[in-house]
Amino acid sequence: MDEPSAAEQRSLVASPVRVVSARASLRTRLSNLVARRELLLSLITSDIRIKYKGSALGLFWSMLSPALTLATYYLVFSVFLKNGIPLFVVYLFAGLIVWNMFQTAVSSATGVIVDRAGLVKKVSFPREILALSNVGASVIYFVIQIVVLAIFLAIIGHAPAWSFLWLLPISFLALYLLTASIAVVMSAITVYLRDVRHLMDVVLQLWFWVSPVVYSYENSIAPALRVRGLTALYFINPMTPIILTFQRIFYVNTTVRSTTTGLPLHILPAWSMATFATVNVALLAFAIVLFLVALVIFGRLEGNFESEL
Amino acid sequence: MTTVIEVQDISKRFTIHHERNQTLKERILHPRSGSSEIFDALNDINFSVAQGETLGIVGHNGSGKSTLLKCICGVLKPTTGQIRLRGNLAALLELGAGFQHELSGRDNVYLYGSMLGFTRKMVDAIFDDVVAFSELEHFIDTPVKFYSSGMYVRLAFAVAVNVNPDILVVDEVLAVGDERFQAKCIDRIRRFQREGRTILLVTHQADTVRAICDRAIVLDHGNMVADGPVTDALRIFRERLLGDMIDHRPGGSGVVSIDGLSAPSGSFEVRHGSNLRFDATLSCDHAVSGNLVIEVFTRTGLLVSRNDAEAAPVTLRPGVNKVGVELANVPLLDGVYDINVGLVEPQGATMLAWREKAASLQVLYDGRSSGVVGIESSVTQW
């Protein structure tokens, strides 16, 4: 057998000391997350691989199923209910990619720690990585869908609002952190209250219908609130500004002529670019704080996982 | 030597729910009805391990040894205290815990490697060694759900030992695979020792500790009761185990004790190949029957022989009893050996009494063979 050389027997005097103790500071939690990014990547790829393992169409499903949802909503709202919004597919698509990313991540992350109890009880790694890997997988689907959207826009010859495009990364980052925060906290709460999983399905459905995805912002209760000076109430739902930003970027028009009645339709709030920018930056700041709070909450809840799993 | 593991005042407290209020409805309707109990799995454990040491952690079931190991690996967070670690650590708490059944062996090697904290590049470098060690060349691209349990475990073990961790933590997993694979695992652990890596081994098999470890700590109901050389630690472990069994015996008023061994000739000296007679003195306060266990160990802690206790039944009267023992044709070679004597229940083999190192046996041998036992050998030239 190959005997080790003297050089192989490295001295550990210089190695950094890792500390295991009851409570890790937020800084340690963050640096642990960064240190284990390889694990995050392999969990994301294995998640995606397993999801489409053995299916003939594979990753193509991540485009096909949103496309079918899109077609359904289009049929119902544009063809049957005749909402009169021109290019309604683009409007729907812009909102749905945001919603899909949020919904798939949160609903898959909610049960992830319970489902992978065997791993949690036997292997040491920052547990929030499990929830974050589900968020990561939905980021991949998000990217695929946004590429499809871009191709679709090119084919129909509809240009996005180029001047607003720089808001996309800010808005996306806010979406990512928001999704990650909720995913991380929900994954921990489900360990203690298994019902949360089923509750979350209902909550997500409700959440979808209060977000302006299939109907326009101006057709919601928002104008009524605005008259009473309560517009802020509508923005308690942090998904709203993100969805509006995406719609503003890809659908572009705030006011269009109805295809059924020929009258002007107000679709998106007629905000200036500065307003959109302020809203997005404020939301990003909020999402960063929320993410840190989520990590702290997770750290508190994680201590008792072993007696609940 | 550098200290690589420092366990400082570690305590771990579990809350055990007797009635689990898992659903929201139950929690709201009966917020405090489920009774729960506090269980201290570890109390103020302190020890440190130097680089290159092989430390055995022994204790009976429920002594907290696995909890301690999980705290060291970071799977559990201690309630109080802290553990300081230097260097990377690979833990074999349950082989293949991180495997994804749908993925191929190849994908799982990478996934498991990243769970142990190694980068893709590091796994790339050792991938061929892992496959060779696991002997799964033909199945590496097969999903692991089609693996037999032996193949599964071999792959996991192969990853953990080939990533060359600075600290290897092993929890009762050496009993896997066939005998040849076990020998290979032990061989790899010995190589780790030569390479100056640190090993933590949890087991309740005294023989494994004796064979591999330099030092052992003994846990008993969450307390550390011994920390020292293997033979001393194992003696304390046995005594504790025994004390425990006597405590838990139904109607445990009767205590059997082994008072000592005495040889009629006055000394435990025997010539190679001849017989040794001695008496064991046992006292008890009520009539009891059991089987006598006699173990012979080398001074280095190797078990040479344990008799067939079934064939050595004894019936004790209240008071002091003498039992005659004869070891026939002692095949041992020159040296000093330790004799342990115990009494076990006829059924279930519960230990009634145990005496570690009840006597030292001196064996005289004139021949020139060396080793522990003399095997008569002759060579014929055809």
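**Close-up of Leu87(A), a partly exposed residue in a loop of chain A**. In this predicted model, Leu87(A) has 18 C-beta neighbours inside 10 Å and therefore counts as partly exposed, a class that lies between buried, at 20 or more, and exposed, at 12 or fewer. Leu87(A) belongs to the loop between helix H3 (61–80) and helix H4 (88–110) of chain A, and its phi is near 50°, a positive value in a residue other than glycine.

**Close-up of Lys357(B), an exposed residue in a strand of chain B**. Lys357(B) is placed in strand S18 (residues 351–364) of chain B, where its phi is positive, at about 50°, although the residue is not a glycine. Because 12 C-beta neighbours lie inside 10 Å, Lys357(B) counts as exposed.

**Close-up of the side of chain B that touches chain A**. Here 45 residues of chain B are in contact with 34 residues of chain A. The elements of chain B that give two or more residues to this side are strand S1 (3–17), helix H1 (24–29), helix H2 (65–73), strand S4 (80–86), helix H3 (105–115) and helix H6 (179–194), and the largest share, six residues, comes from S4(B). Sorted by class, this side of chain B has 18 nonpolar, 15 polar and 12 charged residues.

**Close-up of the strand pairing between chain A and chain B**. Strand S1 (residues 17–21) of chain A is joined to S4(B) by five bridges, and the two strands run antiparallel. Within this view, Val19(A) stands opposite Arg84(B), a residue in S4(B).

Notes: Residues numbered from 1 in each chain as written. Chains lettered and ligands numbered in written order. Predicted model: local features only at pLDDT ≥ 70, side-chain atom pairs only at ≥ 80, totals over all residues. Contact = placed C-beta atoms within 7 Å. Helix = DSSP H or I, 4+ residues; strand = E, 2+ residues; numbered from the N terminus. Nonpolar A, V, L, I, M, F, W, Y, C, P; charged D, E, K, R; others polar. Pairing = 2+ DSSP bridges.
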